[in-house]
Amino acid sequence: MNRRNFIKTGMLGALAAASPISLSAFDSATRPGTRSGRLNLSFKPYELQLRHSFNLARSQRTTTPGVQVQIEYDGVTGYGEASMPPYLGETVASVTGFLSRLDLGQFADPFRIEDIHEYMDSVAPGNRAAKASVDIALHDIMGKITGQPWYKIWGLNPEKTPNTSFTISYDADKAEMKKKIEETAPFKIVKVKMGVGHDKETVEALRKHSDVPICVDANQGWNDRDKALEMCHWLAERGCLFVEQPMDKSAIDDTAWLRERSPLPIIADEFLQRLPDVKRAMQAYDGINIKLMKSTGMHEAYQMATLARALGMKVMLGCMTETSCAVSAAAQLAPLADWADLDGNLLISNDIFDGMKIVDGKITLPDRPGIGVVPV
């Protein structure tokens with residue numbers, strides 16, 4: 001008996017007996033069948049409700065569309081999630097349509113992650129968040145079968161997780177803006193969304209209440225490189241650590257010009273999607289922000305982080321507005337990151353999982369197998 005089968009035989013029965021998972025929340029049309037030694041996929045739309053309006057350079061919203069995913073394998077259930085902010089170009093219809101086309105039943109082994117990713121890419125290009133939802137659920141299953149969380153499987157030290165930033169955006173309502181600023185109190189880094197025409201005003205309002213370091217995400221909102229450089233110098237004098245995606249992702253030459261002159265590191269976000277983009281980012285950025293919804297999940301995100309490290313680039317780990325499912329999956333990579341922005345679950349009011357925690361501003365990983373979440 002090989003090692004994988006030995007582990008499965010020893011762990012599978014105990015896991016199934018100790019932690020049975022109910023599928024009652026899922027539509028009957030998508031429920032998996034009986035235990036068959038095959039991968040059974042189920043999914044259901046789930047809209048995320050934001051605690052406050054999210055005001056970005058190119059959009060404003062109070063909800064984020066999402067799809068919750070489960071994959072069942074011999075009584076072990078893995079959880080996954082797709083979150084689709086508008087700029088990703090994915091919708092509930094596109095995600096559920098893609099998932100409906102998948103035939104995961106052809107795979108008798110969740111450990112065949114490379115084959116499954118190749119298969120998903122062959123079904124349709126793009127659909128990164130949809131693919132991430134499957135990838136996350138598969139990692140959850142694999143971790144549960146082996147009885148280990150993924151940070152241990154990857155050999156990472158959970159004590160090396162960074163502090164996470166907590167995100168705020170400008171609000172014209174002064175009382176609402178005050179509430180946003182007050183909610184940053186437990187955190188040691190604050191992320192400020194910029195590019196909406198009130199950039200300095202937001203920072204100055206925050207500085208009246210707190211002197212914690214900040215980081216800035218312009219979401220491609222600065223369209224003049226000289227003004228962008230001026231902002232970088234202004235921010236450097238006010239305790240800023242780095243600037244994320246200051247200019248349009250297509251403005252590579254202007255971003256490279258800015259990077260050469262900026263007193264702050266310039267980090268790629270919208271510019272960066274998957275593994276091939278890491279080397280491309282070197283020409284204009286000091287580091288990269290990895291998000292599971294763009295990288296197609298944990299499998300490629302880990303490769304991106306290790307490649308960026310090898311290339312001497314800074315690594316940031318980010319998220320969309322997500323439940324603790326996807327955020328906890330991303331947090332498994334946190335010991336590899338210089339910076340983290342894993343607050344997506346804290347920005348919503350209808351989380352349905354218990355997972356990673358923020359303790360005194362620091363990412364704290366649960367000692368649970370897989371991605372470390374349980375339904376609540």
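**Sheets, helices and cysteines in a predicted model**

F166 has V190 of strand 7 as its bridge partner. That pair belongs to a predicted model, in which local features need pLDDT of at least 70, side-chain atom pairs count only at pLDDT 80 or more, and totals for chains, interfaces and linings use all residues. Residues are numbered from 1 along each chain as its sequence is written, and side-chain values use heavy atoms, with hydrogens and water left out.

Let's start with confidence. The pLDDT (the predictor's confidence in each residue, from 0 to 100) averages 90 over the protein, and 89% of the residues score at least 70. Residues 1-35 are another story: their pLDDT is below 50, although this stretch has 48 contacts in the model beyond near neighbours in sequence. A contact here means heavy atoms within 4.5 Å. Where pLDDT is low, the predicted coordinates should not be read in detail.

Now for the overall picture. The protein has 13 helices and 17 strands; these are DSSP runs, numbered from the N terminus, with helices being H or I of at least four residues and strands being E of at least two. Of its 376 residues, 58% are buried. Buried means under 20% relative accessible area, exposed means over 50%, and partly exposed is in between (1.4 Å probe, protein chains only). Among contacts between residues at least 6 apart in sequence, 68% join residues at least 24 apart.

Two strands pair if DSSP finds at least two bridges between them. Strand 6 is joined to strand 7 (residues 189-193) by four bridges, and four bridges also join strand 7 to strand 8. In strand 8, V216 is the bridge partner of V192. In a regular strand the side chains alternate between the two faces of the sheet. Strand 8 (residues 214-217) is covered on both faces, with I214 and V216 buried on one side and C215 and D217 buried on the other.

Helix 13 (residues 324-331) is largely enclosed by the rest of the structure, because eight of its eight residues are buried. Among them are S324, C325 and A331.

There is also an open sheet of three strands, antiparallel, in the order 1-4-5. Strand 1 (40-45) and strand 5 (76-83) are its edge strands. Strand 4 (residues 66-73) pairs with strand 5 over eight bridges, and V69 stands opposite G80 in strand 5.

Finally, the cysteines. The whole structure has zero disulfides, a disulfide being a pair of cysteine sulfur atoms within 2.5 Å. For C232, the nearest cysteine sulfur is that of C240, 7.8 Å away. C232 counts as buried because its relative accessibility is 0%, and C319 is buried at 9%.
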